[in-house]
Amino acid sequence: MTKYEAKILELVTASRSHMTAEQVFDELRKTYPTVVLATVYNNLNRLWSAGAIRKISVEGMADRYDRIERHDHLVCKRCGRLSDVDLGDLTAQLEQAAGRSILSYDLKLIYLCEECRNEAQEKGT
């Protein structure tokens, strides 16, 4: 593992904010000021391909990266806020419903966060 991979893995694993590549880049530059954004993208992709981190894709938004620990996500439909939610491991239930073995799943629950819900109520929408 390269020094960049190790530091990026550390940053993503320690963060609970679901960092974008640009946010990882900004943090990594504090330790390695000469690093370039392409290096961050390449290392994030290698870590994701190796199963060391998760990539969270939400339509219309930049991919975000997260620790591999089993958990699911709440995604605000309006502002895109991403929050962790622990629903337990649903693998057995999903396999039974699907009628086959699954390798993994990525559950994203779409909702309106409290701020967006309040804003919508104030506007009457």
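**A chat about rings, helices and a strand**

Tutor: Let's start with a ring: Lys 55 lies over the face of Trp 48, 4.1 Å from the ring centre. Keep in mind that this is a predicted model.

Student: Good to know. Which ring does the charged end of Arg 70 sit over?

Tutor: That would be the ring of Tyr 105, with the charged end of Arg 70 at 4.0 Å from its centre.

Student: And how many aromatic pairs does the count come to?

Tutor: The count comes to one aromatic pair. Its members are Tyr 4 and Tyr 32, with 5.1 Å centre to centre and 80 degrees between the planes.

Student: Why is the pair of Tyr 4 and Tyr 32 called edge-to-face?

Tutor: Because planes over 60 degrees apart count as edge-to-face, and here the angle is 80 degrees.

Student: Where do Tyr 4 and Tyr 32 sit in the chain?

Tutor: Tyr 4 is in helix α1, while Tyr 32 is in the loop between α2 (21-31) and α3. The two are 28 residues apart, and the pair links distant parts of the chain.

Student: Staying with helix α1, what about Lys 7: buried or exposed?

Tutor: Lys 7, which lies in helix α1, has 19% relative accessibility and so counts as buried. Leaving aside residues up to four places away in sequence, Lys 7 touches Leu 28, Thr 31 and Tyr 32.

Student: Nice, Tyr 32 again. At what angle do the axes of α1 and α3 cross?

Tutor: The axes of α1 (residues 3-14) and α3 (residues 37-49) cross at roughly 75 degrees and come within 10 Å. That makes α1 roughly perpendicular to α3.

Student: Which residues make the contact?

Tutor: From α1 there are Tyr 4, Glu 5, Ile 8, Leu 9 and Val 12. From α3 there are Thr 39, Val 40, Asn 43, Leu 44, Arg 46 and Leu 47.

Student: How many of the residues in the contact of α1 with α3 are nonpolar?

Tutor: Seven are nonpolar, with two polar and two charged.

Student: Changing topic: where is Ile 110 found?

Tutor: Ile 110 is in strand β6, which covers residues 108-111.

Student: Is that side of things buried or exposed for Ile 110?

Tutor: Ile 110 counts as exposed, because its relative accessibility is 55% and the cut-off for exposed is over 50%.

Student: What does Ile 110 touch?

Tutor: Not counting residues up to four places away in sequence, Ile 110 touches Val 75 and Lys 77. The C-alpha atoms of Ile 110 and Cys 76 are separated by 5.8 Å, although these residues are 34 residues apart along the chain.

Definitions and conventions
Residues are numbered from 1 along each chain as its sequence is written. This is a predicted model: local features need pLDDT of at least 70, side-chain atom pairs count only at pLDDT 80 or more; totals for chains, interfaces and linings use all residues. Side-chain values use heavy atoms; hydrogens and water are left out. Axes are lines fitted to C-alpha atoms, for helices over the stretch in contact, and angles run from 0 to 180 degrees between N-to-C directions. Helices (H or I, at least four residues) and strands (E, at least two) are DSSP runs, numbered from the N terminus. Angles under 35 degrees count as roughly parallel, over 145 as roughly antiparallel, 65 to 115 as roughly perpendicular and the rest as oblique. Contact means heavy atoms within 4.5 Å. Ala, Val, Leu, Ile, Met, Phe, Trp, Tyr, Cys and Pro count as nonpolar, Asp, Glu, Lys and Arg as charged, and the others, Gly among them, as polar. Buried means under 20% relative accessible area, exposed over 50%, partly exposed in between (1.4 Å probe, protein chains only). Rings of Phe, Tyr and Trp (its six-membered ring) pair if their centres lie within 6.5 Å; planes under 30 degrees apart count as stacked, over 60 as edge-to-face and the rest as tilted. A charge sits over a ring if NZ of Lys or CZ of Arg is within 6 Å of the ring centre and within 35 degrees of the ring normal.
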